[in-house]
Amino acid sequence: ILVRGQSQFGNQWRLQSGETVIGRSAGMVLFPDDAALAPKHARLVFRGTDLFLEPEPTTNGCFLRLREPVKLLPGDEFVLGAQRLQLLKPEDRPAGVGAVSDHNGTKLLGAMIKPLAAPLAPMAIARVASDPRFHEVYFRAQRLLTIGRVHCDVNFANDGFVSERHAQLTNEGAHVLLEDLKSRNGTY
């Protein structure tokens, strides 16, 4: 059953007994207007009475709704509302910008991020945009980072699919714990 969005081919499909292919142009469940989908994006496969989601190699991947907190490692991505976010690797998250000059002599200033007590390094997440020039990076030196529509560490005020307090990241040192805060539309 299609939960959100639209398809010119209907809003529910009967799964095939073996496998059902989902994609933009190949398969039984088609979304031709969704540029985020690959031509053949994923398969739903029955093995006995169990149903498995098998992603095809794609740029955008497949996301499953969180039912309980999950460990994230650097490079892992998650989705809430219309926001695609990525936990950055240590080498992808600069600790700050010192006073330097560009090639025109203009002094560039920045504030250093206060480090956490060892072994916790500041968390950094990136909002992934279709054009990498428009990625947004959010740093958090404290152990918790909340994400929502208002009154959180990271706010997406114009995203109607994001709850007021939607999800939370907890820095555990070796990994980060992602938890959905009983949001209306879920975290994936």
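This is a predicted model: local features need pLDDT of at least 70, side-chain atom pairs count only at pLDDT 80 or more; totals for chains, interfaces and linings use all residues.

Analyst: Residues are numbered from 1 along each chain as its sequence is written, and side-chain values use heavy atoms, with hydrogens and water left out.

User: How many aromatic pairs are there?

Analyst: Rings of Phe, Tyr and Trp (its six-membered ring) pair if their centres lie within 6.5 Å; planes under 30 degrees apart are stacked, over 60 edge-to-face, and the rest tilted. By this rule the count is 2.

User: What kind of aromatic pair do W13 and F31 form?

Analyst: The centres of W13 and F31 are 5.7 Å apart. Their planes stand at 65 degrees, and the pair is edge-to-face.

User: Is W13 buried or partly exposed?

Analyst: Buried means under 20% relative accessible area, exposed over 50%, and partly exposed in between (1.4 Å probe, protein chains only). W13 has 21% relative accessibility, so W13 counts as partly exposed.

User: Is F31 buried or exposed?

Analyst: The relative accessibility of F31 is 14%. F31 therefore counts as buried.

User: Which ring lies under the charged end of R47?

Analyst: A charge sits over a ring if NZ of Lys or CZ of Arg is within 6 Å of the ring centre and within 35 degrees of the ring normal. For R47 the distance to the centre is 4.7 Å, and the ring is that of F52.

User: What angle separates the planes of Y138 and F156?

Analyst: Y138 and F156 form an edge-to-face pair, 6.1 Å centre to centre. The angle between their planes is 85 degrees.
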